[in-house]
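Dear colleague,

Please find below the structure that I am handing over to you. My notes on what was found in it follow directly after.

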Number of protein chains: 2
Amino acid sequence: MNLPTVSAPVRCVVVVIAMEEEARPFIEKHGLKKHQEPGPFVSGSPMVAYSGQINSCTDDNQSHLRVHLVWNGRDQKYKVNNVATTAAAVATYASIAAFHPDLVVSAGTAGGFGELGGNIGDVYASTKCVYHNRRIPEGETGDLEEYGFGHYRSPPISALASAIGIKQGVVSTSDSLECTASDLQLMRSEGAVVKEMEAAACAWVCQSLRVPFIALKSITDIVDAGRPTEKEFYANLHSASSALQGKLTHMLQLLGQQPLSRWATGTVSSSLVATALEGRSTLSGEASLSGKTKLHQLPSPIGAAPSSRRGLRLELALLALSLACNGLALLRRRGR
Amino acid sequence: MNLPTVSAPVRCVVVVIAMEEEARPFIEKHGLKKHQEPGPFVSGSPMVAYSGQINSCTDDNQSHLRVHLVWNGRDQKYKVNNVATTAAAVATYASIAAFHPDLVVSAGTAGGFGELGGNIGDVYASTKCVYHNRRIPEGETGDLEEYGFGHYRSPPISALASAIGIKQGVVSTSDSLECTASDLQLMRSEGAVVKEMEAAACAWVCQSLRVPFIALKSITDIVDAGRPTEKEFYANLHSASSALQGKLTHMLQLLGQQPLSRWATGTVSSSLVATALEGRSTLSGEASLSGKTKLHQLPSPIGAAPSSRRGLRLELALLALSLACNGLALLRRRGR
């Protein structure tokens, strides 16, 4: 099998998003421009594309990354967001045809699992994506059964995940908001920590077309908490979409013009680096489409040399600060 | 909602098929030519396109219909046929982008229901397509829930179904070969007579892009017979694919250059006309890509005038013959 290239610089990213509510904060944050009719897709397509650029912050030479956000649009008949796998697969194929990206990100909201450490507001990047509703038993070789589950691997990016303060794990997809006992059993057997409705479909398209793929999912509800998914989902949709925007922005700022392979491994605790970087982002301002506010002296990825001595000093100071904050938070939590 | 146009002549048809075994008989029958690299899709796409033409037989002026069969291809990793909705949706979008068809047909094999009159070897055309594994409960309006089920309508073609001797009904789609109690309940509540794995995904793409869509499904197994689906499916795959080829060929021969609206209604018993036409087809030879064997004086669709007096006499004789055969069959069945 030909694997996607992860050693080339990431210059162009497609972000596929199912719901307008999930897409809006990112579009507004970066002032992405909507493509007018005729857009980049087959005439009549429901997908809506927005394009712009994000300034990168991985080295002293400020460069930018071209970003195309593709929202799946609304269903003609029911006027609802085109959620679930069919629309996601079509949007991914159409976006790759239109924009030839170096990376596709399926971004959105999702369910987490309390017993696996998931909390509302967490953001996860996929290590791999599976389906939990494609049951295709086949006795002879089992190949069709495994094809059903999918096992679409994302490139290793643990240093990147550490740097932006997100978790990583197996993302599991079905076309339903709720789940049956059989769905839960399949998710458990595949080690899923995130349950959502699009990622595996995008991932299959990307695997087929050899484009690197990452799912980035923000938790709106806890699947195993015994609360109604629908209510919890809508209650947290806004805040989770906002958290998603923050992490997605941060990820793309760090990725700009760097190969994905640079971020393959990391040894520093994710929460520390994340806190450090979040603090830095607030201190130094955030990248924008206009280029008027820029991130300066952001730390290099884990394992790479900081760009300057001043950067190193600032990084160490922030790490110490975050260590202290984390210690306090831990003490407070234990005290409850 | 803008509905697909059914009043324009059908000059170009895309047939989307998931399994090579299902596609092979039709490709061979019509000598369709495989597109070589670079094909009509995004580089690296798994789909494989075959093109050719089928001679129509709806009037005295022999004309032809351009046909593109698109097989979903094989999965890179597991080397199995790209079954299920993700690949079907992508193939449908990519085929519409490449070929601009007047009609898309999702052709393949499927499960039937014994208690609803389904038998192995039956071929069904969709009246509408639904999903039985997209459960998206939503309290406020219910729109998202109905979006989940889909309700993608095919144009009315009861005269065409009668003419080629196929059944019609609701086709229900999921990504699984087997089904859960919840799946069965949903199928029952939507009146499904066919259970398969691709049609609704193709139908959504076609509805979005306003291209008329028909699912044509040949029954390999009986869902409610209590036998293992997998074994029955593989045992009947070859014969069902062969039956599918026959009915698909017949359908396209009749459709050639005629608007779909011509076939909207029919008043004559389907089994009679089907038998008549099947008899005629055997008597007169079958259309082929080479154009060397041609169908002459085939009856016009129900409600239209036969093309000649000789045609009318032959049609009446065949109807009488089929009436006699059907009467005998009925007596035999009652006698059991």
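Which residues in H2(B) meet which residues in H6(B)? The model is a predicted one, and in it the H2(B) side of this contact is formed by B:Thr85, B:Ala88, B:Ala89, B:Thr92, B:Tyr93 and B:Ile96. They meet B:Ala201, B:Cys202, B:Val205, B:Cys206 and B:Leu209 of H6(B). By class, the residues of this contact comprise nine nonpolar and two polar, with no charged residue.

Two packed helices are described by the angle between their axes and the distance between the axes. Here, helix H2 (residues 85-99) of chain B and helix H6 (residues 199-209) of chain B have axes that come within 8 Å and cross at roughly 30 degrees. The crossing of H2(B) with H6(B) is right-handed.

I turn next to the interface between the chains. On chain B, 58 residues are in contact with 58 residues of chain A. The size of an interface is often given as the accessible area lost when the parts come together. For chain B and chain A, about 5,100 Å² is buried between them, and 58% of it lies on carbon and sulfur atoms. Of the area that chain B buries against chain A, 15% is supplied by B:Gln76, B:Tyr93 and B:Arg135, more than by any other three residues.

Four elements of chain B, namely H2, helix H3 (143-149), H6 and helix H7 (229-255), each supply at least two residues of the side that touches chain A. H2(B) gives the largest share of that side, with nine residues. By class, the side of chain B that touches chain A has 29 nonpolar, 17 polar and twelve charged residues.

Finally, a few words on charged pairs. Side chains of opposite charge can pair when their charged atoms come close. Four salt bridges are found across the interface of chain B and chain A. A:Arg135 forms a salt bridge with B:Glu178, with the closest N and O atoms 3.0 Å apart.

Over all chains, the structure holds 16 salt bridges. Within chain A, A:Glu20 forms a salt bridge with A:Arg74, and their closest N and O atoms are 2.8 Å apart. A:Glu20 lies in helix H1 (residues 20-30) of chain A, whereas A:Arg74 lies in the loop between strand E4 (64-71) and helix H2 (85-99) of chain A, so the pair ties together parts that are 54 residues apart in sequence.

With kind regards

Note on methods. Residues numbered from 1 in each chain as written. Chains lettered and ligands numbered in written order. Predicted model: local features only at pLDDT ≥ 70, side-chain atom pairs only at ≥ 80, totals over all residues. Heavy atoms only, no water. Axes fitted to C-alpha atoms, helices over the stretch in contact; angles between N-to-C directions. Left-handed = near helix turned anticlockwise from the far one by under 90°. Contact = heavy atoms within 4.5 Å. Nonpolar A, V, L, I, M, F, W, Y, C, P; charged D, E, K, R; others polar. Buried area = accessible area lost by both parts, 1.4 Å probe. Salt bridge = Lys/Arg side-chain N within 4 Å of Asp/Glu carboxyl O.
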